[in-house]
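This report describes pockets, surface features, backbone geometry and salt bridges.

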Amino acid sequence: MGLFKKNKRDKMQVRIWHRESGKLSKATRDTILLFLFLCLIPLVFIQLDLFDRFIGRIPAAKIFKLDELILAIAFLSVFFLFYAIRRWLDQRKILIQLNEERKKLEEVNLQLSYKAEELEKHGIRNDRLGRLATYLQVCTSRNEIYQIVGESAGSLFPDSRGALYITKESRNQLNLAAQWGEGKFTDYFQPEDCWGLRLGKDFYSGKGRETPRCGHSGDTDGTNICIPLTAHGEVIGLFHIQFPPGFKLIDGVLPPLTRQSLSIFTDQVSLAIANLTLHEQLKDLAIHDPLTGLFNRQYLNDILERELHRAKRKDGTSCILMLDIDHFKVFNDTFGHSAGDAVLKELGRHLKNFFRIEDFCCRYGGEEFLILISDTELEGIEERFETLRKSIHAINVIFQGSSLGTIAVSMGASLFPKDGTTPERLIEAADKALYRAKNEGRNRICFS
């Protein structure tokens, strides 16, 4: 269907070109008419002279007055000749008007053909965009979104090549996440390399334009379009698309329907990435303590039963360590709660660095912490905890340019399966050991 419309448009354009090339200018037409008129006068005199010579040879010509008759016929023929020329000019003017109207009609038909083809493509793109929105809404990871973008962009805009860039958390770099079409795009670039990000709107560049070229677009002869991806007032990435030199533009920009489809596509991608980011943040807040970055108590309750069940199935051993900062209330009263938060944050960072990735460090409540150490050898564990206590005591927290002094902690530990086989029994045993450490003078470790 599209090929038939294209051939039809080409034939219409050829016919218009032939009419334009065969059409005489007004000055040329006037010159020809003047030449014919000037040639007509001597032809009439030549004709009369020939008639006069011919009639002079006929003896009875004067009797029947043939010369007057021939002269009348000559003048009548001149009159009819002028009348025929005038009618010919009138008819030619009508034909010219008809040709002009036919030309305008064919141009209108050609434009309608273009619009019909564009509407057909737009309808197909809308169907694909509808399905794409459904897929993007149910994506559970960024890689799924990037894969869908790379696979669908090429079919939505078949004459293009492009790439999707995502802004890093540091906001100082954009990294390549997906691409389509032939060629290779740069793996990363800084925000100041893109004029679209600088201006905060769609930016067109390319050969023959008066606009500057973006540093990440490369040396291409076609049209480059940079579209910032924004969500919740923040730039989350960039959509960079390139069209070949022969692509049809209107006033230097994409056709309205293509531009509308591109805008819908980029909005869908922006919304999908923003929703997934928000979901990840909510999930992170649901399992992590916002101050220390450790797991929260609710998440640890879900983990304990699963880890202990796994240790029991493998006949393994585990340990629960409860840790409490000594005299933390006095510390808060002396230095303020902001300083206390700084201490808790520093202690959380230290615990994450001290224990293994497979161990679970949790802020249990207030200044109290709980650590689940999975699949550990009980031999030498007391020495390890003593090393932890000393390393915490050596921390020097700086708050607002001043040192807050040293941190002392009391710790209580319980062992699985020796001190219990359920989370409740193990936590209770570790808590009793912690209180015994406090009663014995604090800044020490006690086992259940």
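The model is a predicted one, and the values given here are computed from it.

**Pockets**

The volume of the largest pocket is about 730 Å³. Its lining comprises 24 residues, and those nearest the centre of the pocket are Glu-118, Lys-121, Phe-247, Pro-255 and Thr-258. Besides helix 4, at least two lining residues each come from helix 5 (142–156) and helix 7 (256–287). By class, 11 residues of this lining are nonpolar, 4 are polar and 9 are charged.

The second largest pocket holds about 540 Å³ of space. Of its 21 lining residues, Arg-142, Thr-167, Arg-171, Ile-236 and Thr-277 lie nearest the centre. Two or more residues of this lining come from each of helix 5, strand 1 (161–167), strand 2 (174–180), strand 6 (234–243) and helix 7. Helix 7 gives the most to the lining of the second largest pocket, with 6 residues. This lining has 10 nonpolar, 5 polar and 6 charged residues.

**A nonpolar patch**

Tyr-83 belongs to helix 4, which spans residues 66–137. Tyr-83 counts as partly exposed because its relative accessibility is 46%.

**Backbone geometry**

Most peptide bonds are trans, and most residues other than glycine have a negative phi. The peptide bond from Phe-416 to Pro-417 is cis, with omega near 5 degrees. Pro-417 sits in the loop between strand 12 (409–416) and helix 12 (423–439).

Phi is positive in His-232, a residue other than glycine, with a value near 55 degrees. His-232 lies in the loop between strand 5 (223–231) and strand 6. With 68% relative accessibility, His-232 is classed as exposed. Asp-315 also has a positive phi, near 55 degrees, and is not a glycine. The loop that holds Asp-315 runs between helix 8 (297–313) and strand 7 (318–325). Asp-315 has a relative accessibility of 71%, so this residue counts as exposed.

**Salt bridges**

Across the whole structure, 16 salt bridges are found.

| Pair | N to O distance |
|---|---|
| Asp-333 and Lys-329 | 3.3 Å |
| Glu-358 and Arg-356 | 3.5 Å |
| Arg-436 and Glu-440 | 3.9 Å |

Where do Asp-333 and Lys-329 lie? Both are in helix 9 (residues 328–335), 4 residues apart, which is about one turn of the helix. Asp-333 and Lys-329 are both exposed.

In the second pair of the table, Glu-358 is partly exposed because its relative accessible area is 44%. Arg-356, its partner, has 31% relative accessibility and so counts as partly exposed.

Arg-436 is partly exposed, at 34% relative accessibility, and Glu-440 is partly exposed, with a relative accessible area of 42%.

Salt bridges also link Asp-324, Asp-326, Lys-438 and Arg-442 in a network.

Terms used: Residues numbered from 1 in each chain as written. Predicted model: local features only at pLDDT ≥ 70, side-chain atom pairs only at ≥ 80, totals over all residues. Heavy atoms only, no water. Buried < 20%, exposed > 50% of the residue type's maximum accessible area, 1.4 Å probe, protein only. 1 Å grid on protein atoms, 1.4 Å probe; cavity = no way out; pocket = protein on both sides within 12 Å on 5 of 7 lines; lining within 4 Å. Points joined across faces, edges and corners; volume = space filled by probe spheres on them. Nonpolar A, V, L, I, M, F, W, Y, C, P; charged D, E, K, R; others polar. Salt bridge = Lys/Arg side-chain N within 4 Å of Asp/Glu carboxyl O.
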